[in-house]
Amino acid sequence: MECTLDAQSLISISLRKIHSSRTQRGGIKLHKNLLVSYVLRNARQLYLSERYAELYRRQQHYPDGAPLLAMPACPPPAAAAPPDLPALPLPTDTQDREPRSCAGVRGGGELLEVPVCAAAPPELQRVPCRDSSPGFYRVTGSAGPGSGGGAAGLLYAAGCDFGSGGAPHCSSRTTVLDLDTHVVTTVENGYLHQDCCCSQCPCCCQPAPGLASPPPTPGTKRKYYPGQEEEEEEGVEEGGEPGAGGVAGGPPFAPCTKRARFEEYNTEHPQDSSNISNLISIFGSGFTGLVSRQQADSEQPLNGQLCSKQALASLGAWTRAIVAF
Amino acid sequence: FLGAGGGNDIQWCFSQVKGAVDDDVAEADIISTVEFNHSGELLATGDKGGRVVIFQQEQENKSQSHSRGEYNVYSTFQSHEPEFDYLKSLEIEEKINKIRWLPQKNAAQFLLSTNDKTIKLWKISERDKRPEGYNLKEEDGRYRDPTTVTTLRVPVFRPMDLMVEASPRRIFANAHTYHINSISINSDYETYLSADDLRINLWHLEITDRSFNIVDIKPANMEELTEVITAAEFHPNSCNTFVYSSSKGTIRLCDMRASALCDRHSKLFEEPEDPSNRSFFSEIISSISDVKFSHSGRYMMTRDYLSVKIWDLNMENRPVETYQVHEYLRSKLCSLYENDCIFDKFECCWNGSDRQLLTFFLPPLCSIVMTGSYNNFFRMFDRNTKRDITLEASRENNKPRTVLKPRKVCASGKRKKDEISVDSLDFNKKILHTAWHPKENIIAVATTNNLYIFQDKMN
């Protein structure tokens with residue numbers, strides 16, 4: 001079955017549904033939230049497997065392992081693209097899953113930047129819901145420390161500071177967390193650091209303050225993360241009618257307009273794919289990450305949060321954590 | 001589809017429609033449950049505003065042999081009010097989730113109605129006489145000065161205009177942490193069950209301060225939750241047997257004689273998933289929204305998002321029959337997820353039966369199942385002839401005693417005349433609740449805020 005939405009959009013819609021269910025009359029509907037968490041899980045599996053496939057491909061392409069896939073939260077200035085940059089591929093056929101990027105490679109050993117294009121990363125757009133092989137990619141553990149990008153199950157968090165709605169700026173720092181080996185890898189200015197394993201790095205292992213705040217009372221506006229205020233307002237009403245879930249709302253089904261709306265949405269929100277990455281990292285810290293208001297409003301870099309041992313331990317149950325209340 | 005004419009095919013005609021005409025639907029008027037009583041004389045609806053409206057069928061008029069009696073409003077009352085749980089800062093909706101009638105034992109009628117948290121037993125009784133001629137009271141109720149009483153008389157009952165009164169006789173509260181989705185009265189007519197997302201409780205109709213928990217699927221750690229209870233029903237004949245369905249598409253049959261807590265099922269009904277149909281939404285569309293035993297108790301029917309399945313209680317590994325309700329929606333699941341329609345909970349029902357002893361041994365002459373869809377369409381599947389029909393509940397094309405025209409949805413390709421393309425379907429017009437008269441071919445079909453009554457054409 002073909003899906004008109006990519007994994008990222010599905011994740012975004014699903015999170016919005018969960019969010020808006022908090023303010024619906026009658027309290028949180030356990031059944032619906034559980035079903036939404038299944039969609040989230042399925043979309044996440046696909047999203048992560050896509051990133052893994054992309055990373056693996058790059059790893060193959062650059063066996064020295066020097067440049068690391070990074071996702072800064074902004075499109076690069078046009079001038080940064082070297083002359084030999086391949087032409088920005090337009091997403092074409094849904095069946096063509098050959099990963100492409102708008103990457104500019106600035107020579108060996110330097111940071112490989114994959115700017116977030118106005119459209120979401122092409123390889124993620126219009127991915128069919130159903131994997132060509134039976135079942136979805138299972139995110140399995142593999143390589144140990146030092147593999148850099150070779151491991152499966154990676155979380156990307158741009159090192160950008162996310163000011164609340166301020167203009168994003170490119171950062172020269174990227175942190176990658178291997179979900180299975182728990183290795184945190186930081187890339188700064190094109191140089192590859194291998195950080196210690198999380199458990200040995202006490203300074204990193206403190207959860208970001210504010211994670212443990214209690215769930216909000218219904219009827220209060222929630223902000224997941226900066227930069228998403230616009231879409232929050234669509235879905236959240238204080239104590240009022242539940243959002244119909246997602247951008248489309250209640251009007252009669254009209255697939256063409258919805259698809260156009262999502263493409264427009266992606267264009268207007270170039271930060272989304274990296275914000276999705278942040279969301280995944282937020283969920284990595286379990287339920288508390290979901291409800292923490294302070295964390296969402298703060299400008300803390302996400303590194304400390306990612307390093308949290310608790311976050312890693314609960315990662316497997318992150319979808320369930322949404323439902324717990 | 002069921003062709004017109006021919007043998008025993010039913011020809012459905014519009015009979016009545018109840019409810020507001022305007023397109024602007026007040027949320028409180030949204031119908032949330034429909035149920036005939038055991039004789040079929042009464043038809044109850046519950047709505048989002050917490051009200052119950054009961055319709056009564058007119059006595060059949062010998063002169064009106066061409067149609068059965070019409071249903072008219074018999075009683076209206078406010079069953080549940082919105083509540084606020086201060087401890088949890090949660091509003092409790094007044095929406096009536098289910099109504100179930102008790103069999104009639106005396107002149108009064110009894111029904112159970114439930115919202116998300118509280119079940120109430122209502123007594124509906126008629127008053128057509130009132131006492132007159134009190135010595136100490138005037139006719140308007142004012143007390144007379146005793147010193148003015150010079151003679152005594154015996155008060156007598158005199159006829160009055162029929163008044164139908166509804167009074168709450170029992171309130172069964174505080175037993176459910178999660179949202180109640182089902183109630184079902186046992187065949188012993190003394191006990192009933194109520195089911196929420198994670199637990200099922202057994203009640204005695206006379207006792208409100210105690211209930212017994214008979215199923216509990218809440219995991220020790222809520223983060224390990226993988227499924228919830230979506231519906232539950234007692235077996236129509238065996239008072240120790242009940243089933244409950246889950247969001248994972250499974251049905252468990254439990255025997256209360258086996259243990260006090262029926263966490264271990266006696267039977268597990270599950271059909272393996274077809275891997276070629278796997279999608280992002282596989283879990284959602286396999287969630288069962290309704291389960292209903294057949295009148296004989298030999299079969300049960302389940303409804304999931306796209307299909308109706310008939311299960312033989314003696315065969316657990318797959319259903320005996322599967323009927324596709326609107327398979328054309330399978331390619332639209334993404335959009336239906338976006339607009340939340342994929343979470344709609346459709347109910348299903350069996351045609352009525354005589355419930356005589358013989359029918360237990362013989363297959364019924366006529367076995368039809370009915371369920372709703374979008375665009376105010378509803379579907380019927382004849383299990384014997386294997387034919388199906390799609391009909392529409394709409395004010396426009398319906399004239400009394402005119403046979404309903406079958407509808408057809410064009411899934412893809414060239415649309416024939418009179419067919420409707422999938423993209424033109426109105427997903428705001430959904431039929432979630434339908435009911436079939438227990439004895440006759442009369443059906444009640446609820447659109448968003450209207451109740452349609454259809455009958456078969458009598459010649």
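**Figure 1. Thr371(B) stands opposite Arg379(B) of strand β26(B).** The view is taken from a predicted model. Strand β25 (residues 368–372) of chain B and strand β26 (residues 377–382) of chain B run antiparallel and are joined by five bridges. Both belong to an open sheet of four strands, ordered β24-β25-β26-β27 in chain B, in which the pairing is antiparallel.

**Figure 2. A salt bridge links Glu91(B) with Arg25(A).** The closest N and O atoms of the pair are 3.0 Å apart. Glu91(B) is part of strand β7 (residues 90–92) of chain B, while Arg25(A) sits in the loop between α1 and α2 (30–61) of chain A, so this contact joins two chains. Glu91(B) is partly exposed, with a relative accessibility of 27%. Arg25(A) is also partly exposed, at 25%.

**Figure 3. Glu27(B) and Lys48(B) form a salt bridge within chain B.** Here the closest N and O atoms are 2.7 Å apart. The pair links distant parts of the chain, 21 residues apart: Glu27(B) lies in the loop between β1 (12–18) and β2 (31–36) of chain B, and Lys48(B) in the loop between β3 (42–47) and β4 (51–57) of chain B. Glu27(B) counts as partly exposed because its relative accessibility is 33%, between the 20% limit for buried and the 50% limit for exposed residues.

**Figure 4. Lys309(B) and Asp304(B) meet in a buried salt bridge.** The N to O distance between the side chains is 3.9 Å. Both residues, Lys309(B) and Asp304(B), are buried. Across chain B, buried residues amount to 53% of the 459 residues.

**Figure 5. A network of salt bridges links Arg41(A), Glu273(B), Arg278(B) and Glu283(B).** One member, Arg41(A), comes from chain A, and the others come from chain B. Over all chains, the structure holds 38 salt bridges.

Figure 6. Chain A as a whole averages 49, and 18% of its residues score at least 70. Over residues 69–171 of chain A pLDDT stays under 50, and the model has 232 contacts beyond four places in sequence for this stretch. Residues 189–325 of chain A likewise stay under 50, with 276 such contacts.

Note on methods: Residues are numbered from 1 along each chain as its sequence is written. Chains are lettered from A and ligands numbered from 1 in the order in which they are written. This is a predicted model: local features need pLDDT of at least 70, side-chain atom pairs count only at pLDDT 80 or more; totals for chains, interfaces and linings use all residues. Side-chain values use heavy atoms; hydrogens and water are left out. pLDDT is the predictor's confidence in each residue, from 0 to 100. Contact means heavy atoms within 4.5 Å. Buried means under 20% relative accessible area, exposed over 50%, partly exposed in between (1.4 Å probe, protein chains only). Two strands pair if DSSP finds at least two bridges between them. A salt bridge is a side-chain nitrogen of Lys or Arg within 4 Å of a carboxyl oxygen of Asp or Glu.
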